Amino acid sequence: MNILILMVDQLNGTLFPDGPADWLHAPNLKRLAERSARFANCYTASPLCASGRASFMSGQLPSVTGVYDNAAEFPSDLPTYAHHLRRAGYYTCLSGKMHFVGPDQMHGFEERLTTDIYPADFGWTPDYRKPGERIEWWYHNMGSVTGSGVAEITNQMEYDDEVAFNACAKLYDLARKKDDRPWCVTVSFTHPHDPYVARKKYWDLYEDCAHLSPHVPAIPYVDQDAHSKRIFDANDWRNFDITQSDIENSRRAYFANISYLDDKVGEILDVLDRTDQEAAILFVSDHGDMLGERGLWFKMSMFEGSARVPLMISAPGIPAGRIDTPASAIDVCPTLADLAGVSMDEIAPWTEGQSLVPVANGTAQRGPVAIEYAAEASYAPIVALRDGAYKYIRCNLDPDLLFDLSADPYEQINLANDPAHAEVLAKMQADADARWDLDRFDAEVRQSQARRWVVYEALRNGSYYPWDYQPLQKASERFMRNHMDLNEVEDSQRYPRGD
């Protein structure tokens, strides 16, 4: 079957408890949800763009991919769903962001329609050797919150307008059936990622929104957990005065940008409908956004707003409905292979992700979901497990955290020192011990960072050749040229064809 993957950036999964929340103005996503399996408790593999996306594409955690942060190279020998499907005879195409770092900017895609929105080199490498250092020119700061509001064009709107335009054009082209292969088209947007700036038509939808304040107000810095303090410091919080108006405007713009994305999704789905193309459709985000909960913004956190993502799958063989079993974005790769009838047996022993087709059909359980983080605002790797109702968070630098999400969805009560939960804690600690050697993980991250700092500084000295993807367009093969037969051009480019 044809496959359409719709990916967005930094979309908080708690806003998709069973498809989009009722109060969100997202009619196209709500229609998609009605015909989809809706995974209400899906998690990113890592709450950061490049690391989360490499894991989503490969079905592997960052400790395997080596994509620890937003400047770590995605290995070319690591198969992605694009490789698996292309090997099986699919045409594979990407329109939009995937935040590939390194000279390989394809990773199994046969064609890319746009450049990426972020750099492909090693310049955003964190440095565990310098804990607490802020790299001013690329680290997040709270300016995205204090600068929230309305604009008719921004860097990100320009990008996503182009992503949607190219995706629609490609789907029209595929409808002309010049290529008999099934296709897998990935359309990946950068919204609703901050800055929290939206077009007025979408901003106005949320004028009377009742959800402009976080459920958990800002917690004083001294009372935050250890990792949250590091996030505050990385975001340069002391140099910004965040007002209630800033919070409300940022959340309003974020919700508005979900509606902006909904329109883009609608445009794409309309092309499929108008051209009578059938496709399995998967909707997912790379990670979430804390949106001011506890005073935290953006991602980088293991808390629900940052780590939980929406996942909806509409496909033959997958019944529509809500699924509460925890799942992971690393399950996307084996799930797509399963839907397409493609075997991953050759690499299955080394793949962490699991197909969600049997989970959706009620014939299997997913098992504990693992999350890893080893990027900016961390001084050592942080790992987490979601198993049933419980979430466990561990870092060698910090006290353990344990939450019962069924009783405490906003993660306000740490049960790690509660005798009544000692058995649960011991089980999750044992599972973490079996999965991770955190000392080794830390050493591997430090080695990677040190190597990349040397390479980056060397390559920026003298003539610089960027790895950023440059879309190629052959003007001599477009529209009408003198080596073409006009009658053939007009006939082949028309859908449906005339008599």
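The buried residues of helix 14 pack against helix 3 (62-65), strand 14 (369-373), strand 15 (382-387) and strand 16 (390-395). Here helices (H or I, at least four residues) and strands (E, at least two) are DSSP runs numbered from the N terminus, and contact means heavy atoms within 4.5 Å. Keep in mind that this is a predicted model, where local features need pLDDT of at least 70, side-chain atom pairs count only at pLDDT 80 or more, and totals for chains, interfaces and linings use all residues. Residues are numbered from 1 along each chain as its sequence is written, and side-chain values use heavy atoms, with hydrogens and water left out.

Which residues of helix 14 are buried? They are Leu438, Phe441, Asp442, Val445, Ser448, Gln449, Arg452, Trp453 and Tyr456. Because these cover an arc of only 140° around the axis, they sit on the same side of helix 14; the arc is that of the directions from the helix axis to the C-beta atoms. On the face turned away from that buried side you'll find the exposed residues Asp439, Arg440 and Val454. Buried is under 20% relative accessible area, exposed over 50%, and partly exposed in between (1.4 Å probe, protein chains only).

Now zoom out. The chain has 15 helices and 17 strands, and buried residues make up 59% of its 499 residues. Its C-alpha trace spans about 75 × 55 × 50 Å along the principal axes. Among contacts between residues at least 6 apart in sequence, 74% join residues at least 24 apart.
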